[in-house]
Amino acid sequence: MRPLASAGVLLLFLTAAVLNAAPSDRELVQQLVAQADAGETPSALAQSIGERGMTAASVAAEFLDERKPRRSQLLLEAVATAGTCRRSHAELLRLYHPAAHELFHTTNGIAGQRRLAVALVWQEWPAALPEALIRAAPLPLLDWLQAQAASPTPSLDKLRQVCQPVGNWLRARNERQHTHAFHQAIAALVANPAITRDLPVRTALLRLVADASATGSLDFVLQQLRLSQPEVRADAVVALGHLLNPQSHGCGRGCGPAGLAEWNRLAAARTQAIEEFVRLAGVESDVTVQAKLAAAAEAWPEEARVGQAMVELFRRTNDAGVRRAILFSVAGTRWPQRAAIILAGFDAPADGVLGVALQAVAAHPLPDLAPRTLAMLEEFRDAQPMLIDAVGALANPKATPALLRWLERERNVAVRLKLALALEKIPGEASANALAGMLAREAEPLLGEHLCRIASRRHLPGAEATLASLAEDGTAPITVRAQAVWALGNYPEPPARNCLARLRETPEKFFPATLGPSLTEQAQVTIALTSLRAHQSGAEGEMARWFATGSPAVQLTCLLSLAELKQDDRVIEQALHTGDFAVLLGAVKAAGATNPTKYVPHLRALREAPFVAALLTSGLDTWGLPAAFSAALREGGRQ
Amino acid sequence: MKTALFLSLLVSLAAAHESPVDHVDREFRLWVAEGRLHLSYRLQLAERAALLQLHQMDTDADGRISHAERDAYFTTQAERLGRGFRLELAGRALALTPSSPVQCDARLGQTFTFQTPQVALAPGRHAGRLADAHARAYPGPFRWVDAGSASAGEVRVEPVSAATDGKRPTWLAVKATTHPDSLALNFVVVIPQ
């Protein structure tokens, strides 16, 4: 740092300290400019400026200078950081960040966006510019994209730079305002041969079409499937699969009318694309493209023509990678030919194909697959994890002897857990006795916890004594004890009932205050919920009291318990009025599991409430809430 | 740990998810002015939580938050937070009441301010303790923010931590108390001679 700049910066902070005031946006930006122009890279300062929001970003934009690339890069990093807020709902911005609301949601903001986008016309773009544009200056970016689309001499380098940040933003469902405009821009770009004849740009555009869910550009993608270059066909197939796969985009039908419209649009696109896809699958000879076709086939999970195309591709290819890819797709689909494909995998087991075929059996435990799958049990002395999962899913008691043999020898905890989970699914006395024995002997906490959960789901002979012992054992891990308490509710036998009575009567004796207030509370809630499960007198009132005074974590637990027990309760209705995400999640799940018909009107109104709908269609982590709404409404008989 | 224990009881957790229970960052700022203890209490919400708060605010369900809806919601929130505080100073329990409208900031922060009744304190050091019941329901990190380094001749509020090295903490890790309802902040009010 040059002495003059140092002195200036020092004076700035001394002044701020003396005046007991934080530096202003302008002061911080000036500091960054000084440091950058002195050859430093104050990235942390750029981050801090960005975190102050769009007012600071607007000040930063004043100092953008094409002749000062280092400074401009850092300033644009700050702009990009600040611009992240554009993903937020307009009302959130209006309430919390008025400057951003004005910039992004009013006509007054257009001039401000243009100032932020001043570098668009520079000869060389700072690396941070594309990210800054999509976040903080979408309107100038859209104008620029349309200009490129109309140009006979587009800036191909810059288009390449822009595609990925735009795609990432759209894919993350951050774009609330201009999705349609971006789709139009993409359609215009792919229609310009001066752009698409450049191979890297064409590849970038294919990816962008998929990331943006721009089904209006589907024809462009399909055209690429007929080109002679295999690498282009491969990229096009990947884009196609990505674009059309129901799992790739948003929350689908569960998001209410907006989600349903998007779902229907994608469904129409899948119908349009299927002929071309099946044609290519039938003639493609390049192994890389074949593998991409196999992965992309998941976009049509119900379509018999695609399943048949995969059968034929499996037979036609010799490549184990392609075969594995087909089998991976089988696991995620419901093609009528899936059993045939899996059996073909059994016939060509080399190079990992058998393992993936067994994974597909676990996903689709069809009766036709049982004989050959069970026969494999005798071929291996040691436990085979994928085979364990497969026979567990088939739930055939013929597998029990082999699984018990492996259980006797196996010491690996993860494999023992697989064996336990497989045995859980297999009916019969032998599997139940084996699980009860594991529960009684197993010392490893993770396995113990899972065994208690198995005992909770499936009645195991004699398990009540072990569960009671675990529940009251102050030396056992708390997570195991919690599961043991809950499992007691599944056992009407006296040892279980007596233990539950003791826990209920003097919980502090078994879960003392020395555990800490939150663990003690959680234990007491678990005891109350188990009492409800065991239909004990007064348990409903006890649960309701815990719910009324509990934290969101307590309330969520109560609701999920009711869902598991399929027991309706008035707390569910109360919880549907909540402003807490966790409680809302629990309430929707409980409503769907306990009495969906009753709750349909409330659930429908809730899903369509403006800010709940905004949450469901956002890119935020919603723990499957859209699917929970969808499942509950479907169960209730309406969608 | 807290939420994980509950959720492991009943649910298979998807490894890719954060907790469904929204965490809240908190900043406390305490100072004395005009014979009262003042508290600035900033909550920084996750976006998910902020959106659902809008859902609660939007009583007419028109998708826009009017000034009236906003003010009504935050007034209720401030009163609820105030009721959840347990403040003791120099051995006396003091109520904290809202003293000014909430301030919202660009990082989804909500700053509530509270004040106590006027209290007369003799020169010296007076121990205080602030317990926050809201923190029990909504876990998250805490930070004591220095309200301003007053000179030795002025009334000031200092945080108290378990550190014995004499260094003044800029971050204060607030420990859970034995009381099941809250987390607590210990401080000292220094009245100069």
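Let me begin with a definition: two strands are said to pair if DSSP finds at least two bridges between them, and the strands themselves (E, at least two residues), like the helices (H or I, at least four residues), are DSSP runs numbered from the N terminus. What we have here is a predicted model, in which local features need pLDDT of at least 70 and side-chain atom pairs count only at pLDDT 80 or more, while totals for chains, interfaces and linings use all residues. Residues are numbered from 1 along each chain as its sequence is written, and chains are lettered from A and ligands numbered from 1 in the order in which they are written.

In chain B, strand 5 (residues 97-105) and strand 6 (residues 109-115) pair in the antiparallel sense over six bridges, with Thr97(B) having Gln115(B) as its bridge partner in strand 6 of chain B. Three residues lie between the two strands of this hairpin, where Leu108(B) takes a positive phi near 60°.

Both strands belong to an open sheet of five strands in chain B, ordered 5-6-2-1-8, with mixed pairing. Its edge strands are strand 5 and strand 8 (142-144) of chain B, each of which pairs on one side only. Strand 8 of chain B runs parallel to strand 1 (residues 25-33) of chain B, and three bridges join them; there, Phe28(B) stands opposite Trp144(B).

Turning to the chain contact, where two residues count as touching if their C-beta atoms, placed from the backbone, lie within 7 Å, chain A provides 47 residues and chain B 40 residues. Helix 35 of chain A gives the most to the side of chain A that touches chain B, namely seven residues.
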